[in-house]
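This report describes a structure by its fold, its core and its backbone geometry. The sequence and coordinates come first.

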Number of protein chains: 2
Amino acid sequence: MDIREALYTTRAMRRVKPDPVPMDIQERIMDAAVRAPSGGNTQNWRFMLVDDKEVIAEIGPIYRTAMGLLWQTLYAERVAAAADDPDAEESKAFTRVYNSAQWLADNFETVPLFLFGFTQNDTSGSSIYPALWSAQLAARAEGIGASLTQVLAFQHDDVLNILGIPTDQGWGMAGCVSLGYPTGKWGVAARQQAHEVSFRNQWGEPVGFETPEPLWP
Amino acid sequence: MDIREALYTTRAMRRVKPDPVPMDIQERIMDAAVRAPSGGNTQNWRFMLVDDKEVIAEIGPIYRTAMGLLWQTLYAERVAAAADDPDAEESKAFTRVYNSAQWLADNFETVPLFLFGFTQNDTSGSSIYPALWSAQLAARAEGIGASLTQVLAFQHDDVLNILGIPTDQGWGMAGCVSLGYPTGKWGVAARQQAHEVSFRNQWGEPVGFETPEPLWP
């Protein structure tokens, strides 16, 4: 697959089938992921693939609790706004995200594979998210849908206990990627165009190009 | 370019020529970058391309100060270890990173383009590093070398002043990517293999595959 197709069409694919992800595909995903850069090339990361149904069943209820907390806190305003004026464009966009995220919570136990990323004594995230994003792009090339979720951060300690993470050595969970064969179709996700969110040389100054539509396909 | 070639060969390319990066390439890089996912698809990000020599000249000395602080703090142990035993494999690996990073500091003013990423009231980094990594992958496909640096975080306020960032609205710098035509060659960077840093279902448990060499090319 062409790099541009991967970059444009690897959107959050939360709705996946329960079919397992073959081991050779998992291996290629991880082999690609660890090529990502990390600060000082320290590679101070660990990854965990979780496909044990018992482990997933332990995390599922925790995920749903965390998701509920997220809707009540960080996204409370958007939840309320979408309820107040469901036909507004912003409400519709948020409802799409809401439904997709809630699908993952409701169906957590049917997802065949999760990839957890861990860092040690790292707070910026700059040395783990490139690798997790590479994993998602590599998955896309294999026809596997993926979505990064930070929701479990709300119940960080519970998850770390289940997975046996040595927190006394400074290891912590940076994120969790759900993986599986998508039920929906690939496509370019709706985004603000680059010139709407980019400046040149000074905050607020035009970036110097303007493209009304995505440049791919 | 195939996605796998991009994922395997987009390593930190700090040594670049002073030749400018054409505007249409900058546009394609940014157009691809904004397709990356962000938490709740909020796209609560801003980007800034900096190619004004005067702005770059203002940041250069700050970057060198910050780099010096980094060697004296976070990397002090590795600097000392490399000096003590320069022929050890670890020392050689570190010295490569050191020389490359110091090259960027010493030659900051010759780099033709920098891409800054900003987030608002975000601490995890999960909603900006995928986009910055996408920018680097898109740059790779155009033959442009890139490297994410967090070094300026040491002098965060100075940089934000120069670039006019509205910190009173909660905006902060997440990272800076240097961009330019590389002086060196592309290649697969040395990394620990996936099975050495990956577990399955429980910390410390084998991931279930083992590959002595990168699976690409």
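Helices (H or I, at least four residues) and strands (E, at least two) are DSSP runs, numbered from the N terminus. The model is predicted: local features need pLDDT of at least 70 and side-chain atom pairs count only at pLDDT 80 or more, while totals for chains, interfaces and linings use all residues. Residues are numbered from 1 along each chain as its sequence is written, with chains lettered from A and ligands numbered from 1 in the order in which they are written.

**Fold of chain A**

Chain A contains seven helices and six strands. Their order along the sequence is α-α-β-α-α-α-β-α-β-α-β-β-β. Taken along the principal axes, the C-alpha atoms of chain A fill a box of roughly 50 × 45 × 35 Å. The radius of gyration is taken over C-alpha atoms, and the globule rule is 2.2 Å times the number of residues to the power 0.38. For 217 residues, a compact globule would have a value near 17 Å, and the 18 Å of chain A agrees with this.

A contact means that the C-beta atoms of two residues, placed from the backbone, lie within 7 Å. In chain A, 81% of the contacts between residues at least 6 apart in sequence join residues at least 24 apart.

**Burial and core**

A residue is buried if 20 or more other C-beta atoms lie within 10 Å of its own, exposed if 12 or fewer, and partly exposed in between; C-beta atoms are placed from the backbone. By this count, 45% of the 217 residues of chain A are buried.

A nonpolar core is a set of buried Ala, Val, Leu, Ile, Met, Phe, Trp, Tyr and Cys residues joined through C-beta atoms within 7 Å. The largest one has 125 residues, of which A:Phe114, A:Phe116, A:Ala135, B:Phe114 and B:Ala135 touch the most other members. Leaving aside residues up to four places away in sequence, A:Phe116 touches A:Phe47, A:Met48, A:Val50, A:Leu163, A:Met173 and A:Cys176.

**Backbone geometry**

| Cis peptide bond | Omega |
|---|---|
| A:Trp216 to A:Pro217 | about 10° |
| B:Trp216 to B:Pro217 | near 0° |

A:Pro217 lies in the segment after β6 (202–206) of chain A, and B:Pro217 in the segment after β6 (202–206) of chain B.

B:Asn41 is not a glycine, yet has a positive phi of about 50°. This residue sits in the loop between α2 (23–33) and β1 (45–50) of chain B and is partly exposed, with 19 other C-beta atoms within 10 Å. B:Asn201, also not a glycine, has a positive phi of about 70°. B:Asn201 belongs to the loop between β5 (198–200) and β6 of chain B, and is partly exposed with 19 other C-beta atoms within 10 Å.
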